[in-house]
Amino acid sequence: MNTTYRRLAILMILLSVVLAACGAAPSQSWPGLTASGDTAYVAFNTNVYAVNTANGVKRWQFPAENDSKISQFFSDPVLAGDILIVTSFNKSVYALDAATGTQKWKWPSQVATKDFLQIIIDVFTSPKAKPEDGSTDRLIAPAAVFGETVYVASADNNLYALDLNGNFKWAFAATNSLWAAPLPTEEVVYVPSMDHNLYAVDAVSGKQLWSVLLNGALAGTPVLDGEQLYVGTLSDTLYALNPSTGRELWTVKASGWVWAKPVVDGGTLYFADLDGTVYSVNTAEGRVNWQVPLDGSIRGTPVLIDGKLVVSTDKQGTIYALNAADGSLAWPQGKVLDENNADRLLANLVVLDDKVLIAPLAAKNLLYALNPGDGSVLWFFDPKAK
């Protein structure tokens with residue numbers, strides 16, 4: 001696939017998400033995935049599934065029966081103790097019992113209804129929405145949890161902070177949409193925005209501490225490692241920043257847009273771009289150790305396991321394992337997940353114990369568990385199976 005075609009393909013993805021965020025087209029995205037203990041959680045279309053990671057058997061699904069009031073789930077679910085938090089394209093945040101899938105709360109708890117007179121008044125007065133009333137646009141990004149706070153990034157430009165019971169705490173407004181989950185710490189929340197800014201926000205008050213204007217839109221979540229903060233831009237650049245001030249420390253120019261979250265292991269950072277190149281970088285000085293071009297766009301975050309960097313590409317649904325030390329192939333060749341169907345591996349990969357989990361967009365099955373040793377399929381999950 002040449003560079004022009006790859007970028008056009010990704011532009012179509014971006015366009016679908018943008019239009020969905022604007023309410024102008026059918027909602028479409030890729031599955032969201034997380035895992036803990038012996039359970040994987042997949043959010044896709046109008047359901048959230050819990051899957052036994054020993055055998056791929058479904059534990060529960062939410063909602064248990066079809067519910068026309070439930071809109072699409074596509075973001076990675078997030079665990080907060082025994083609560084599973086998942087955001088939805090219907091502008092809502094759902095908190096589910098992680099063991100049973102029972103809904104514990106939803107934010108906002110209800111959509112305000114208006115009588116005809118109030119609708120007419122609103123048309124002429126254009127009242128400003130109150131942040132505590134909920135998001136006014138779709139929730140594309142996963143939630144993020146730190147301590148007793150749930151952070152929700154919205155396409156309506158706002159970052160919302162809720163407590164673990166779904167009560168509103170505060171909101172912070174950027175100047176453009178938020179497509180990526182923020183990175184919360186005890187004192188600071190780092191908020192990437194499509195307005196090209198990375199914001200640092202006080203975790204208690206929601207007040208802006210600083211912002212830094214980068215060279216492109218930010219669609220991926222930053223990574224903090226000690227005294228350096230890493231984030232990629234949709235302008236072909238990976239930044240290392242001072243987490244206290246936002247000052248640039250070094251950059252790496254990539255071949256394509258950097259959407260996926262970087263991975264850090266000791267003094268080495270790994271990241272990938274939408275042109276299909278994987279990079280290993282020395283974090284002390286930003287020097288590229290090695291770079292390897294693969295055969296398709298890389299949107300999902302790679303994972304490290306047993307000295308291998310496992311990467312999914314968007315061409316024919318292929319998964320590669322690279323030796324982290326030098327970028328050489330750890331498996332003899334790429335693993336095609338589903339030769340008949342899968343062509344969109346856009347979700348973030350997840351490592352759980354000795355397995356790599358992947359949730360493709362258009363494969364025969366919704367979730368696969370792979371052996372990181374050779375890429376063989378250990379089990380798969382088909383939500384339609386009886």
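Modeller: Buried means under 20% relative accessible area. The model discussed here is predicted.

Colleague: Is Leu96 buried or exposed?

Modeller: Leu96 is found in strand E7. Its relative accessible area is 0%. Since a residue under 20% counts as buried, Leu96 is buried.

Colleague: How far apart in space are Leu96 and Ile83, C-alpha to C-alpha?

Modeller: Leu96 has contacts beyond its neighbours within four places in sequence, and Ile83 is one of them, as are Trp60 and Phe62. In sequence, Leu96 and Ile83 are 13 residues apart. In space, C-alpha to C-alpha, the separation of Leu96 and Ile83 is 5.6 Å.

Colleague: Where is the place of Ser92, and is Ser92 buried or exposed?

Modeller: Ser92 belongs to the loop between strand E6 (83-87) and strand E7 (93-97). Leaving aside neighbours within four places in sequence, its contacts include Trp107, Pro108 and Leu139. The relative accessibility of Ser92 is 5%, and therefore Ser92 counts as buried.

Colleague: Which parts of the chain does the pair of Arg59 and Asp38 tie together?

Modeller: Arg59 is partly exposed at 38% relative accessibility, and Asp38 is partly exposed with a relative accessible area of 45%. The two residues are 21 residues apart in sequence, so their pair ties together strand E4 (residues 58-62), which holds Arg59, and the loop between strand E1 (32-36) and strand E2 (39-44), which holds Asp38.

Colleague: What is the N to O value in the salt bridge of Arg287 and Glu285?

Modeller: Arg287 counts as partly exposed at 41% relative accessibility. Glu285 is likewise partly exposed, its relative accessible area being 47%. The side chains of Arg287 and Glu285 meet in a salt bridge with an N to O value of 2.6 Å.

Colleague: Is Lys384 buried or exposed?

Modeller: Lys384 forms a salt bridge with Asp382, in which the closest N and O atoms are 3.5 Å apart. A relative accessible area over 50% counts as exposed. Lys384 has 63%, and therefore Lys384 is exposed.

Colleague: Which residue in E24 is the bridge partner of Thr277?

Modeller: Strand E23 (residues 277-282) pairs with E24 in the antiparallel sense, over six bridges. In E24, the bridge partner of Thr277 is Pro293.

Colleague: By what angle are neighbouring strands turned against each other on average in the open sheet E1-E2-E3-E4?

Modeller: This sheet is formed by four strands with antiparallel pairing. Its edge strands, E1 and E4, each pair on one side only. With direction ignored, neighbouring strands of this sheet are turned against each other on average by 15°.

Colleague: Which residue in E3 is the bridge partner of Ala40?

Modeller: E2 and strand E3 (residues 47-52) run antiparallel and are joined by six bridges. The bridge partner of Ala40 in E3 is Val51.

Colleague: How many aromatic pairs does the count come to?

Modeller: Rings pair if their centres lie within 6.5 Å. Phe44 and Phe74 form an aromatic pair at 5.8 Å centre to centre, and this pair is edge-to-face with 70° between the planes. It links distant parts of the chain, with Phe44 in strand E2 and Phe74 in the loop between E4 and strand E5 (78-80), 30 residues apart. By this rule the count comes to 17 aromatic pairs.

Colleague: Why does the pair of Phe271 and Tyr279 count as stacked?

Modeller: Phe271 is buried with a relative accessible area of 0%, and Tyr279 is buried with 1%. Planes under 30 degrees apart count as stacked. The ring centres of Phe271 and Tyr279 are 4.5 Å apart, and the pair is stacked because the planes are at 10°.

How values were computed. Residues numbered from 1 in each chain as written. Predicted model: local features only at pLDDT ≥ 70, side-chain atom pairs only at ≥ 80, totals over all residues. Heavy atoms only, no water. Buried < 20%, exposed > 50% of the residue type's maximum accessible area, 1.4 Å probe, protein only. Contact = heavy atoms within 4.5 Å. Salt bridge = Lys/Arg side-chain N within 4 Å of Asp/Glu carboxyl O. Pairing = 2+ DSSP bridges. Axes fitted to C-alpha atoms, helices over the stretch in contact; angles between N-to-C directions. Phe/Tyr/Trp six-rings, centres within 6.5 Å; stacked < 30°, edge-to-face > 60°.
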